[in-house]
Amino acid sequence: MKWALLSVWDKAGIVDLAKVLIEHDYGLLSSGGTGAELARAGIPFTDVSVYTGSPEMMHGRVKTLHPKIHGGILGRRGVDDAVMQEHGIDPIDLVVVNLYPFEAMSGKGLSLEEIIEYIDIGGPAMVRAAAKNHKYVAVVVDPGDYGKVADAVRRGGFSPEERLNLAAKAFARTAAYDGAITNHLTGIDRPFPDVFTVQFRNGRTLRYGENPHQAAAVYGDTGIAGEEPLQGKEMSYNNYLDVHAAVGLLREFEECAVVIVKHNNPCGVATGENPLPTYIAAREVDPVSAYGSIVAMNREVGADVARELTGTFVEVVVAPSFTPEALEIMKAKENMRVLRLPEPVVQDEVRSIDGGVLVQRTEPFREDWQVVSEREPDAHEMRAMELAWKVCRHTKSNAIIFADEDAVIGIGAGQMNRVESAEIAVKKSRKPLAGSAVASDAFLPFPDTMEVAAAAGATALVQPGGSIRDAEVIEAANRLNIAMVFTGVRHFRH
């Protein structure tokens, strides 16, 4: 008879799997909560303590840590048979284990004494043992794999490739588990741990990186990283970067909005009542740059928008949903990637540098908008500043953004000085800037940037403030009749 050891915290699907095992002549070893679940379902099993002859002790801390368990898992068929027979050890052919939920509990503010009890010892030991001996033992750590396991059992066993894949997945799980514990214990009473471990699954090789001579892959099974196109070519390295940038800005808006991104910077942003005119308004901010861009919108794409999208070259379209007619129309652009807008994922930002990584976390924050000029902004100017400021937060520094109430008018990004960003924004504008508002991602150390904006017709300006020359800049704003607001928060984006 073959033996399967079942010891799971997450009981989802375990009864159904156990029924399949019993039907195919497996004997079951179990204990604790898993045994209780099987007993309630009327499934016969042998309690681990009965099998080992040793009682469960220390409130469950010691139950599977026994030579008859680990010998049964680690025993090599044809090599260790005599030793196993001498000590009454039966070979265990299948190990189904998932671990105490340390990751989930570590975010609940438990004391050290409480969280320690969610560190699983026996579970990882069995998983690692089974994974090491995968030539003879199949190990399952994910309830999502129970269907595949049942299929393998029904056809008489696992292939060597299946055993190896399950073992690799098991080691990845214990690595992530140990990493979470390390992060928590080395991060007690400090904002970041001394040792930082992250793990992303679902790795896929990309055609190339930023350029054809560079190799690349993407990892992740949630958010943008986990999305697969509904149509079009596979996503490229640059597509992922640009979609990330576009979606980050798009999520600033609750009203109907369209964001167009090229090379990680917005080149068109507009808001409105309906998707079609909003898309057209965003595209017309900079139609040259919109060629080969990423288009992200926060409303469903219908046939009218689809027809407009197919009239130009768009790399990727991202939206919450697409009507069947829209999807049919967009098939005409067979290379255009069509992507569903995923739910946001809250996580630290990790960027590699020579020899290590930088880790950044954006906690919830409040801006304190204060009018510092003699003239108060009117309602039009305030709405325009709010739009410009949202876009500024997602534009590479140094960033200068001109906007009216509904759309961006001029964008200057990524320059080494802010005056040149302002000059570029003015030069690239396709609409008059008279009466517009302007946003600067960081404080103005001199009045010169504002003077460029005022000369172009801007009447309001929003910036963080905080320069030692704030008084000089405020004086210039009053002289130029500019309504100026300080937000108190800087938004560099490197």
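Guide: Two strands pair if DSSP finds at least two bridges between them, where helices (H or I, at least four residues) and strands (E, at least two) are DSSP runs, numbered from the N terminus. This is a predicted model, in which local features need pLDDT of at least 70 and side-chain atom pairs count only at pLDDT 80 or more, while totals for chains, interfaces and linings use all residues. Residues are numbered from 1 along each chain as its sequence is written, and side-chain values use heavy atoms, with hydrogens and water left out.

Visitor: Through how many residues does a hairpin join strand 16 to strand 17?

Guide: Strands of a sheet pair through backbone hydrogen bonds, either parallel or antiparallel. Here the hairpin runs through four residues, and strand 16 pairs with strand 17 (residues 408-412) in the antiparallel sense over four bridges, with Ile400 standing opposite Gly412. Strand 16 also pairs with strand 18 (residues 437-440), again antiparallel and over four bridges, and there Phe402 has Val438 as its bridge partner.

Visitor: Which residues cover the two faces of strand 16, and are they buried or exposed?

Guide: Buried means under 20% relative accessible area, exposed over 50%, and partly exposed in between (1.4 Å probe, protein chains only). In strand 16 (residues 400-403), Ile400 and Phe402 on one side and Ile401 and Ala403 on the other are all buried.

Visitor: In what order do the five strands of the open sheet lie?

Guide: The order is 9-8-10-11-12, with mixed pairing; strand 9 (265-272) and strand 12 (337-340) are the edges, each pairing on one side only. Within this sheet, strand 10 (residues 293-297) and strand 11 (residues 314-319) are parallel over four bridges, and Ala296 stands opposite Val318.

Visitor: Why is helix 8 described as largely enclosed?

Guide: Eight of the 11 residues of helix 8 (residues 122-132) are buried, so the rest of the structure largely encloses this helix. Among the buried residues are Pro124, Met126 and Val127, and their cover, judged by contact (heavy atoms within 4.5 Å), includes strand 1 (2-8), helix 4 (67-74) and helix 10 (160-185).

Visitor: Where is Val350 placed?

Guide: Val350 lies in strand 13 (residues 349-353) and is partly exposed, with a relative accessible area of 37%.
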